[in-house]
Amino acid sequence: MLVALTVAVTVAALALAAWCGYAAYRDQPTKDWHFIGMAVVSVLALAQLVTGIVQLARGERPEQGKAIFIAYLIGAFAAVPAAGFLSLTERTRWGSVTVAAGAVVLAVLEVRLYDIWGN
């Protein structure tokens, strides 16, 4: 795994969580600029998904198993978009809470991906 990409995804996800958490604190639903932030985080997660698949295709192997690594990669990629879709159905402050929670989940999945790879 690329450590710099993992750190970038984690930091971006935590920044998104703080941003949406602050919006929830101010009793605001997710707005268009929150979705732009979700798109940025999702693009970073997509870059990590592609990087992970390329490394597996080159013959590199994660320390704790290929199947669990792939499952975590897919879960990390899907966390923020799933939370974003859920926030569309809940146009209150709880939509912002949902996105903040999804971003925290992504950050935790990133730490776990790093651990699974064996760094």
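## Salt bridges

A salt bridge is a side-chain nitrogen of Lys or Arg within 4 Å of a carboxyl oxygen of Asp or Glu. In this predicted model, local features need pLDDT of at least 70 and side-chain atom pairs count only at pLDDT 80 or more, while totals for chains, interfaces and linings use all residues. Residues are numbered from 1 along each chain as its sequence is written, and side-chain values use heavy atoms, with hydrogens and water left out.

The structure contains 3 salt bridges. In one of them, Arg58 is joined to Glu60, and their closest N and O atoms are 2.3 Å apart. Residues are called buried under 20% relative accessible area, exposed over 50%, and partly exposed in between (1.4 Å probe, protein chains only). Arg58 has a relative accessible area of 58%, so this residue is exposed; Glu60, at 27%, is partly exposed.

Another salt bridge connects Asp115 with Arg112, with 2.7 Å between the closest N and O atoms. The two residues are 3 apart in helix α4, which means that about one helical turn separates Asp115 from Arg112. Asp115 is partly exposed at 39%, and Arg112 is partly exposed at 26%.

## Overall architecture

The secondary structure consists of 4 helices and 0 strands. Here helices (H or I, at least four residues) and strands (E, at least two) are DSSP runs, numbered from the N terminus. The radius of gyration is 15 Å, close to the 14 Å that the globule rule gives for 119 residues, so the protein is as compact as a globular protein of that length. This radius is taken over C-alpha atoms, and the globule rule is 2.2 Å times the number of residues to the power 0.38.

Along the principal axes, the C-alpha atoms fill a box of roughly 50 × 20 × 20 Å. Of the 119 residues, 40% are buried. A contact means heavy atoms within 4.5 Å. Among contacts between residues at least 6 apart in sequence, 81% join residues at least 24 apart.

Asp27 and Arg93 form a salt bridge through their side chains (3.9 Å, N to O). Asp27 is exposed, at 52% relative accessibility, whereas Arg93 is partly exposed, at 31%. The charged end of Arg93 also sits over the ring of Trp94, 5.5 Å from its centre. That description requires NZ of Lys or CZ of Arg to be within 6 Å of the ring centre and within 35 degrees of the ring normal.

Thr30 lies in the loop between α1 (3-25) and α2 (32-57). Thr30 is buried, at 0% relative accessibility. Leaving aside neighbours within four places in sequence, the contacts of Thr30 include Ser87, Arg91 and Gly95.

## Aromatic pairs

The whole structure has 2 aromatic pairs. Rings of Phe, Tyr and Trp (its six-membered ring) pair if their centres lie within 6.5 Å; planes under 30 degrees apart count as stacked, over 60 as edge-to-face and the rest as tilted. The ring centres of Phe69 and Trp117 are 5.0 Å apart and the planes are at 50°, so this pair is tilted. Phe69 belongs to helix α3 (residues 66-89) and Trp117 to helix α4 (residues 93-117), and the pair links distant parts of the chain, 48 residues apart. Phe69 is buried at 0% relative accessibility, and Trp117 is buried with a relative accessible area of 10%.
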